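Here are some notes for a colleague who is meeting this structure for the first time. Please keep the model in view while reading the numbered points.

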Amino acid sequence: MKRKIVGYHQDEKQDWVADLNCFHGQHVRHEPPFFNRPWSATAEGRASKLGEVLDCKRCDVLEFPKGLKEYKRTPEFTQDTIPKGLLKNHTTKVGTWGKIHVLQGVLLYEPEGQAAIRICADETANIPPEMPHCVAADGKGLFCVSFFSDR
Ligand SMILES: [Zn+2]
């Protein structure tokens, strides 16, 4: 999934890592001939790439970023009370991760362009910011969704 560069930091080996607006990091090493990114070696070059996008594979595999805080949680829904908006494609906003908690039964979760995921009782599944997705009941179930950001 395409993510904007919002900053940079250096890892323990002093390699530059771009901070993406999904809260994942991505190395932007300049190591010719393997990685040819002369811009990442200078402050000016890095600044010139702020706002540009990189493809974030961690979002594609629904990897939950570290260091986020829960700020909201929905009521618990059953197969009969799932809000209609959740049954068709929808997204969380920029910078908001969701986490589906299945408390009882099974819920089907379908991120756009990916196979549907069966979330069983006591399991969770992650929703990356802005990734279109929908859910569907699979028999009786009980679930809620919590929302996370970095502040
Ligand atoms: Zn990401």
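1. Two residues are taken to be in contact if their C-beta atoms, placed from the backbone, lie within 7 Å. Among such contacts between residues at least 6 apart in sequence, 65% join residues at least 24 apart.

2. This is a predicted model, in which local features need pLDDT of at least 70 and side-chain atom pairs count only at pLDDT 80 or more, while totals for chains, interfaces and linings use all residues. Residues are numbered from 1 along each chain as its sequence is written.

3. The chain has three helices and 10 strands, where helices (H or I, at least four residues) and strands (E, at least two) are DSSP runs numbered from the N terminus. Read from that terminus, the order is β-β-β-α-β-α-β-β-α-β-β-β-β.

4. The C-alpha trace spans about 55 × 30 × 25 Å along its principal axes. Of the 151 residues, 19% count as buried, a term that requires 20 or more other C-beta atoms within 10 Å of the residue's own, with C-beta atoms placed from the backbone.

5. Four strands form an open, antiparallel sheet in the order β3-β2-β1-β4, two strands being paired if DSSP finds at least two bridges between them. Because β3 (25-27) and β4 (53-55) stand at the edges with a single partner strand each, one side of each is left without a neighbour in the sheet. Neighbouring strands of this sheet are turned by 55° against each other on average, direction ignored, as judged from axes that are lines fitted to C-alpha atoms.

6. Strand β1 (residues 2-10) is joined to β4 by three bridges, and the two run antiparallel. Lys-2 stands opposite Asp-55 in β4.

Notes:
Buried ≥ 20, exposed ≤ 12 C-beta atoms within 10 Å, placed from the backbone. Axes fitted to C-alpha atoms, helices over the stretch in contact; angles between N-to-C directions.
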